[in-house]
Amino acid sequence: MPNNAADRTDLLVIGAGPYAYSAAALARENGIDVRIVGRPMAFWRDQMPDGMFLRSGPDWHLDASGEDTFVAYFEDTGRRPADFDPIPIGVFLDYAEWFRQRKSLQVDERLVTGLTRSDGTFVATMADGSTISSEKVLAAPGVRCFVNLPAWYDVVPVDRRAHTSELVSFDDLAGARVVIIGGRQSAYEWAALLCDHGAERVDVVHRHATPAFARVSWAFVDAHIEQTLAHRGWWRTLASTEQRDIAAEFWQVGRLTLEHWLVPRIDPGVVTSHPGREVTGVVVGDHDLTLTLSDGQARTADFVVFACGYRADLSAVSYLAPVVDGVSVTDGFPDLSEGFETSLPGLFVTGFASTRDFGPFFGFTKGCPSSARIAVAEMLR
């Protein structure tokens, strides 16, 4: 156990992304001593390409207090939101850094390699061997550790494949034949990026129909967030039919409809959609590979991009390995209290891993301020 006061804190926030920033800022404002550990906005900086854009507008922000919002950032920096439609990923990163500075959040960039708990105290072991002890821990793991991959993924040679979270540079794929597995926003946005960088051919293969491309409104989510804040445990009190209806609306807006601004960037002479198809066979050649589709077509490719999304699996969060056996889990999701606390007292989880118990909108930045308010209120109870 550490004996240095600097190695102790009331709340240790593991992760330094949007959900971590929101919770840490509000906890500090409520007098809780907080330490944040992790690489600031690492997933956003390292696993998202420069040419990526947000699907949301400036109304989605990080501040549970409602002061240092995305709109406030635009005002403070003399920018007009109307000039950024859609919003480039770099602008959101600038906002996150502005928010961190406004809230005086100090981030310890060392990584946690393991978390243990003894006699009611958590001890986080850092990559350099040092430790930090804390009464409570809020884990805000990014989706990177939850990548979803098909069973045949390992058949593809490692130098000819990448999940979208790994493929952030496209220069090496100029002139390449690429197959993308998946058909949601990331699949078609990566297709657009491949067009931007001169790919010879891009085949997008997915089991569902080709999505629509249109301007949509995410305003329907606001009412759900308000209900979550007004009624403790709101989502889990809904009948399963109501949950399915909300999830279906979320799916329609967020999954079955893709951003209209992709259309002019997807060259029909390069990109071919294969809706209602899946890969049934893979033959690896010396320099390329051939994928057989369920309709009998064969597509030869130099590279395969897996745009298969993410699937919750708490055991994939490596630093939780020493304690995960003590956490109740259902279908990979931690079973959370109405205040984001796991079955292991003092351990809280927010972000994508909370969506089963709080609704699908808590996997997006929209859920950052509200999850912070609920989790911090629980810590103060």
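Q: What makes up the secondary structure of the protein, and how are its elements defined?
A: The secondary structure comes to 10 helices and 19 strands. Helices are DSSP runs of H or I with at least four residues, strands are runs of E with at least two, and both are numbered from the N terminus. This is a predicted model, in which local features need pLDDT of at least 70, side-chain atom pairs count only at pLDDT 80 or more, and totals for chains, interfaces and linings use all residues. Residues are numbered from 1 along each chain as its sequence is written, and side-chain values use heavy atoms, with hydrogens and water left out.

Q: How do you know that the radius of gyration agrees with that of a compact globule?
A: The radius is taken over C-alpha atoms, and the globule rule is 2.2 Å times the number of residues to the power 0.38. For 381 residues the rule gives a value near 21 Å; the protein has 22 Å, so the two agree.

Q: What is the span of helix 1, and what is expected?
A: The expected span is 1.5 Å times one less than the number of residues. Helix 1 (residues 18–29) has 12 residues and reaches 17 Å from its first C-alpha to its last, close to the expected 16 Å. Helix 1 is followed by G31, which has a positive phi near 80°.

Q: Why is C195 called buried?
A: C195 has 18% relative accessibility, so it counts as buried. C368 is buried too, at 0%.

Q: What makes strand 4 and strand 5 a pair?
A: Two strands pair if DSSP finds at least two bridges between them. Strand 4 (residues 112–118) and strand 5 (residues 121–126) run antiparallel and are joined by 6 bridges, so they meet the rule. In strand 5, M126 is the bridge partner of V112.

Notes:
Buried means under 20% relative accessible area, exposed over 50%, partly exposed in between (1.4 Å probe, protein chains only).
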